[in-house]
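Here is a short briefing to read alongside the coordinates. Take it as a guided tour, one topic at a time.

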Amino acid sequence: MVGPWRHPPGTLRALRTILGHHYVLCHRCRRFADMVIPRGMEDRKYEPSPFRCRHCGDRGALETAVPVGYQRDTAD
Ligand SMILES: [Zn+2]
């Protein structure tokens, strides 16, 4: 038995909790990274995505799967 959802819908927290792990994709660069929600950002709306590609500045798409041919963005 679960208690009532005490967080607002449409947030990054809701996305992660309900749908599980997400990736941030940049379709222009064909790169992806694990979605990591910085502390304090859990209640940000996920639409539009608050993540941006650090290479091209495009808005990152939040997906549960990575398309074939996309490369993990590892450089930090
Ligand atoms: Zn990009």
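In this predicted model, a polar atom of the threonine 11 side chain lies 3.3 Å from the backbone oxygen of proline 8. From that contact, the notes below move on to a loop proline, the sheet and the metal site.

**Threonine 11**
- Threonine 11 sits in the segment before helix H1, which spans 12-19.
- Is threonine 11 buried or exposed? Its relative accessibility is 1%, so threonine 11 counts as buried, the cut-off being under 20%.
- Leaving aside residues up to four places away in sequence, threonine 11 touches Glu42, Asp43, Arg44, Lys45 and Tyr46.

**Proline 50**
- You will find proline 50 in the loop that runs between strand E2 (31-34) and strand E3 (61-63).
- With residues up to four places away in sequence again set aside, the contacts of proline 50 are Leu12, Met41, Arg44 and Lys45.
- Proline 50 and glycine 69 are 19 residues apart along the chain, and 24 Å separates their C-alpha atoms.

**The sheet**
- Four strands form an open sheet in the order E3-E1-E2-E4, and the pairing is mixed.
- E3 and strand E4 (71-72) are the edge strands, each pairing on one side only.
- As a reminder, strands of a sheet pair through backbone hydrogen bonds, in either a parallel or an antiparallel sense.
- In what sense do E2 and E4 pair? The pairing of E2 and E4 is parallel, over 2 bridges.
- Arginine 31 has glutamine 71, in E4, as its bridge partner.

**The zinc site**
- Which protein atoms are the donors of the zinc ion? They are the SG atoms of Cys26, Cys29, Cys53 and Cys56, which lie 2.2 to 2.3 Å from the ion.
- The site of the zinc ion is tetrahedral, with angles of 102 to 113 degrees among its 4 donor atoms.
- Along the sequence, the spacing of the donor residues is C-x2-C-x23-C-x2-C.
- Cysteine 29 belongs to the loop between strand E1 (23-26) and E2, while cysteine 56 belongs to the loop between E2 and E3, so this pair ties together parts that are 27 residues apart in sequence.
- Cysteine 29 counts as partly exposed because its relative accessibility is 25%.
- Cysteine 56 has a relative accessible area of 25%, so cysteine 56 is partly exposed too.

Key:
Residues are numbered from 1 along each chain as its sequence is written. This is a predicted model: local features need pLDDT of at least 70, side-chain atom pairs count only at pLDDT 80 or more; totals for chains, interfaces and linings use all residues. Side-chain values use heavy atoms; hydrogens and water are left out. Buried means under 20% relative accessible area, exposed over 50%, partly exposed in between (1.4 Å probe, protein chains only). A polar contact is a pair of N or O atoms within 3.5 Å; within protein, one must be able to donate a hydrogen and the other to accept it, and residues adjacent in sequence count only if both atoms are side-chain atoms. Contact means heavy atoms within 4.5 Å. Two strands pair if DSSP finds at least two bridges between them. Donors are N, O and S atoms within 2.8 Å of the metal (3.2 Å for Na, K and Ca); water is not among the atoms, so sites may look incomplete. Four donors count as tetrahedral if all angles lie between 85 and 135 degrees; four count as square planar and six as octahedral if opposite donors are over 155 degrees apart and all others between 65 and 115; anything else is irregular.
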